[in-house]
Amino acid sequence: MNHTQDCGRHIEDLSDYLDTGASPDAEHIDHCPQCQARLAGLRSLNAAAMELLDDDVASASAGDTGWLDGILANLKLETRAGRSIPLEGGDMEDLSATEGSVIAMVRAVGDSLGGVLIGRCRLEGDVSVPGAPVEVNINVSARYGYQLPSLAQELREAVLAQILVQTELNIAAVNVAFTDMRPPLGDGTRNAEAPESTEEGKQ
C-alpha cells in the first residue's frame, strides 16, 4: 500500500464505477488507497447533492451553500496520497498506509452518521514516526435539529474506534469543529442544542 505517486485513474472512471459497481479496472480500484480516497469523496458529494435536492437550496443564496464549496475545495487536496504511515510487519516486509487513505476512512465514518457532512479533515503530527502523538482535526457541517454536543461525541468515538482498528497511529485527540449549519429536513425529529462555541472539546 505504499503508493506515493498519482495512480493516473480519472475521476470520471471512478464515478462510473461508483454508479455501476463494475469496471475493467476494478481490481486496481479496490486495492488502491488513492482510488478509495476519491471514491469516498465522491460518495460524500453524492450525499451532499441529494441533500441539496431535498432542501431545495438550488434557489437559495450563494452564502447558504458555503459548506458544499468547502468540501469541493478540500477534496482535491485530501485525495492525494500524502504522507506514508508505517505499519508493523515481518522482518522481510515494509508495510505502510497513506495519509489520504486514513482521511478517506474518516470521511466514510462521517457518512455513516446522520446529520454530518465532513468539510475538512487533517492529521496533525508526525504520522511517519511510530508512536508519535497525532491529532485528528475535523470541520463539520451539521444538520439543524441535531444536538451538537452529542453529535460531536458520537463522531469522535466512531472516528477513534475505526482508526484504532485500521491503523497503528497514536491518536492523542479527535477534535470536532462545527463550521456550518444546514437547514432541517422536514419537521425534524431531534431538538437542536447549539453550543456556545463552534469548537467542540478534545478527546
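Predicted model: local features only at pLDDT ≥ 70, side-chain atom pairs only at ≥ 80, totals over all residues.

User: Fine. How do strand 4 and strand 5 pair, and over how many bridges?
Analyst: Strand 4 (residues 133-143) and strand 5 run in the parallel sense, with 11 bridges. Within that pairing, valine 140 stands opposite phenylalanine 178 of strand 5.

User: What's the strand order in the open sheet?
Analyst: The order is 3-4-5, a sheet of 3 strands with mixed pairing. Strand 3 (116-124) and strand 5 are at the edges, each with a single partner strand, so one side of each has no neighbour in the sheet. On average, neighbouring strands are turned by 20° against each other, direction ignored.

User: Which strand holds methionine 181?
Analyst: Strand 5, residues 170-182.

User: And what does methionine 181 contact, neighbours within four places aside?
Analyst: Ala142, Arg143, Tyr144 and Leu148. Arginine 143 is 38 residues away in sequence, yet the C-alpha atoms of methionine 181 and arginine 143 are 5.9 Å apart.

User: How exposed is methionine 181?
Analyst: Partly, at a relative accessible area of 41%. The cut-offs put buried under 20% and exposed over 50%, so 41% falls in between.

User: Switching to helices. Where does helix 5 lie?
Analyst: Across strand 3 and strand 4, at about 150° to strand 3.

User: Is helix 5 mostly buried or exposed?
Analyst: Buried: 10 of its 13 residues are, so the rest of the structure largely encloses helix 5. Among them are Val102, Ile103 and Met105.

Definitions and conventions: Residues numbered from 1 in each chain as written. Heavy atoms only, no water. Helix = DSSP H or I, 4+ residues; strand = E, 2+ residues; numbered from the N terminus. Buried < 20%, exposed > 50% of the residue type's maximum accessible area, 1.4 Å probe, protein only. Contact = heavy atoms within 4.5 Å. Pairing = 2+ DSSP bridges. Axes fitted to C-alpha atoms, helices over the stretch in contact; angles between N-to-C directions.
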